[in-house]
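Notebook open. I'm jotting down what I look up as I go, starting with the ligand surroundings.

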Amino acid sequence: MQSLTNRSKVVSNKQMTLVERLYIPAILGGMRITLKHFFKKKVTFNYPEEIRPHSKLWRGVHVLKKDDQGRENCTACGLCAVACPAEAITMVAEERQPGEEHLYREEKYAKEYNINMLRCIFCGLCEEACPKDAIYLTDRIALSDYKRDTFIFTKDMLTESTDNRIDIDVRRKGTREGAN
Ligand code: SF4
Ligand code: SF4
């Protein structure tokens, strides 16, 4: 059969010598490679005790931002869900009621907002699509778990808390400038 590349090798069927049958050269060769790497600087990290430094372009777990007055920015327009190539975002919209102006910035808000982290590929398109500066990808690493249910991140898990504000705007701005 004609070969499509020149990388194929002809396999030898010759009898192995006694030394080859003892595998001594192969064992010594393997030990030489092991010793060569033994004294090199370790490249592994003891995660989660040690966390590897991230690139400035790192995109981690999402956060739903609030404005300076602690009101949710998201208006449940659905643009992030439409932009998401993994179809990871789902939401239920609700009209804001009189007296809820201190909770929601817009007249419509997301009553439910879920991201399936098993689907998410952390591409950042949801962040790019959002017209309300409501969703950002943070530098938090996605958690690991044994149960699939725990990877459905609900609105409660995603919304930033008032006493733990995340200065994403500044960080992402620096990221974009650094990327340019
Ligand atoms: S980061 Fe990408 S894949 Fe993940 S939710 Fe946003 S748009 Fe979807
Ligand atoms: S996060 Fe942004 S794009 Fe997504 S529904 Fe809320 S306002 Fe719209």
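I sorted the shell around ligand 2 by residue type and got 11 nonpolar, two polar and one charged. My classes: Ala, Val, Leu, Ile, Met, Phe, Trp, Tyr, Cys and Pro are nonpolar, Asp, Glu, Lys and Arg are charged, and the others, Gly among them, are polar. The shell has 14 residues, of which Cys 74, Cys 77, Cys 80, Cys 130 and Ala 134 come nearest. For the shell I take residues whose C-beta atom, placed from the backbone, lies within 6 Å of the molecule.

Before going on, a note on the source: this is a predicted model, where local features need pLDDT of at least 70 and side-chain atom pairs count only at pLDDT 80 or more, while totals for chains, interfaces and linings use all residues. Residues are numbered from 1 along each chain as its sequence is written, and chains are lettered from A and ligands numbered from 1 in the order in which they are written.

Ligand 1 next. Its shell splits into 13 nonpolar, one polar and no charged. Of those 14 residues, Cys 84, Cys 120, Cys 123, Leu 125 and Cys 126 come nearest.

Then I went through the fold. I find six helices and five strands, taken as DSSP runs numbered from the N terminus (helices H or I, at least four residues; strands E, at least two). The pattern along the sequence reads α-α-β-α-β-β-α-β-β-α-α.

Which order do the strands of the open sheet follow? I read S2-S3-S5, three strands with antiparallel pairing; strands count as paired if DSSP finds at least two bridges between them. S2 and S5 (152-153) are the edge strands with a single partner each, so each has one side without a neighbour in the sheet. S2 and S3 pair over seven bridges, and Val 92 has Glu 112 in S3 as its bridge partner.

I also checked for positive phi outside glycine. Glu 87 has phi near 50° and sits in the loop between helix H3 (79-83) and strand S2 (89-95). Is Glu 87 buried or exposed? It is exposed, because 10 other C-beta atoms lie within 10 Å; my cut-offs are 20 or more for buried, 12 or fewer for exposed and partly exposed in between, with C-beta atoms placed from the backbone.

Phe 122 has phi near 55°, in the loop between strand S3 (108-116) and helix H4 (125-129). With 16 other C-beta atoms within 10 Å, Phe 122 is partly exposed.
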